[in-house]
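Hi,

Here is the structure I promised to pass on to you. Have a look at it first, and then read on for what turned up in it.

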Amino acid sequence: DEQDNSLSFRRSCREGICGSCAMNIDGVNTLACLCKVDKSSEAPLKIAPLPHMFVVRDLVVDMANFYAQYKSIEPYLQTADGSEVLKGTEYHQSKEDRAKLDGLYECILCACCSTSCPSYWWNSDQYLGPAVLMQAYRWIIDSRDGKTEERLDKVNDAMKLFRCHTIMNCSKVCPKSLNPAHAIAKVKAMVTAAH
């Protein structure tokens, strides 16, 4: 009833599962659909687009670089010999190995974590950022994937991975309460151990 119909913003699910309504609300990156509004407060709510992203219009930011970085980690199962994963084939996994993916696969790629990271602000053209590195870790530790070493080699770079300075903004703002900083630390340890 009180919305300005000229204001552009993304939205879809209303339940915190799609990530499309990510924006900065009162100085914190979050999902608008999950952000509680204190109706008793007289203070105006300040909303802004995700920081350090190119703005398309109003609260809509250009996510092309973010998605290109995600694509660069090849976020899908790969076989060790490079053959195609066969359709209809099940790749079994123990309960223990499956449990290792908890806290990783739930990422909705909203970019709240990446756009809260100073390293990503200043180096988004080279640094993969918390969301993409957490997803890289998800595929690196998947017991069904056969390209662990190649995946580690792909992120082993001073700018892609080691630009993270463990500031922890990413883990503080994640609307799904995930811990990208922990995943990045694990990837760093794995890369260091492998080389």
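A word on terms before the findings: a contact means heavy atoms within 4.5 Å. Helices (H or I, at least four residues) and strands (E, at least two) are DSSP runs, numbered from the N terminus.

Please keep in mind that this is a predicted model, where local features need pLDDT of at least 70, side-chain atom pairs count only at pLDDT 80 or more, and totals for chains, interfaces and linings use all residues. Residues are numbered from 1 along each chain as its sequence is written, and side-chain values use heavy atoms, with hydrogens and water left out.

**Overall layout**

The chain has 5 strands and 7 helices, and from the N terminus on they run β-β-β-β-β-α-α-α-α-α-α-α. Along the principal axes, the C-alpha atoms fill a box of roughly 60 × 40 × 30 Å. Of the contacts with a separation of 6 or more, 66% are between residues 24 or more positions apart. Of the 195 residues, 39% are buried; here buried means under 20% relative accessible area, exposed over 50%, and partly exposed in between (1.4 Å probe, protein chains only).

**The core**

A nonpolar core is a set of buried Ala, Val, Leu, Ile, Met, Phe, Trp, Tyr and Cys residues joined through side-chain atoms within 4.5 Å. The largest one has 43 residues, and F66, Y127, L133, V155, L161 and V187 touch the most other members. Two or more residues come from each of α4 (129-140), α5 (148-155), α6 (169-173) and α7 (180-194), with α4 giving the most, 7 residues. Leaving aside residues up to four places away in sequence, F66 touches L109, A111, S114, Y120, A131 and V132.

**One face of α5**

Which residues of α5 are buried? They are R151, L152 and V155. Seen down the axis of α5, the buried residues fall within an arc of 100°, so they line one face of the helix; the arc is that of the directions from the helix axis to the C-beta atoms. The cover over the buried residues of α5 includes α4 and α7.

**Two backbone spots to check**

H52 is not a glycine, yet it has a positive phi of about 60°. H52 sits in the loop between β3 (47-48) and β4 (55-57) and is partly exposed, with a relative accessible area of 41%. S177 also has a positive phi of about 60° without being a glycine. S177 lies in the loop between α6 and α7 and is exposed, at 67% relative accessible area.

Best wishes
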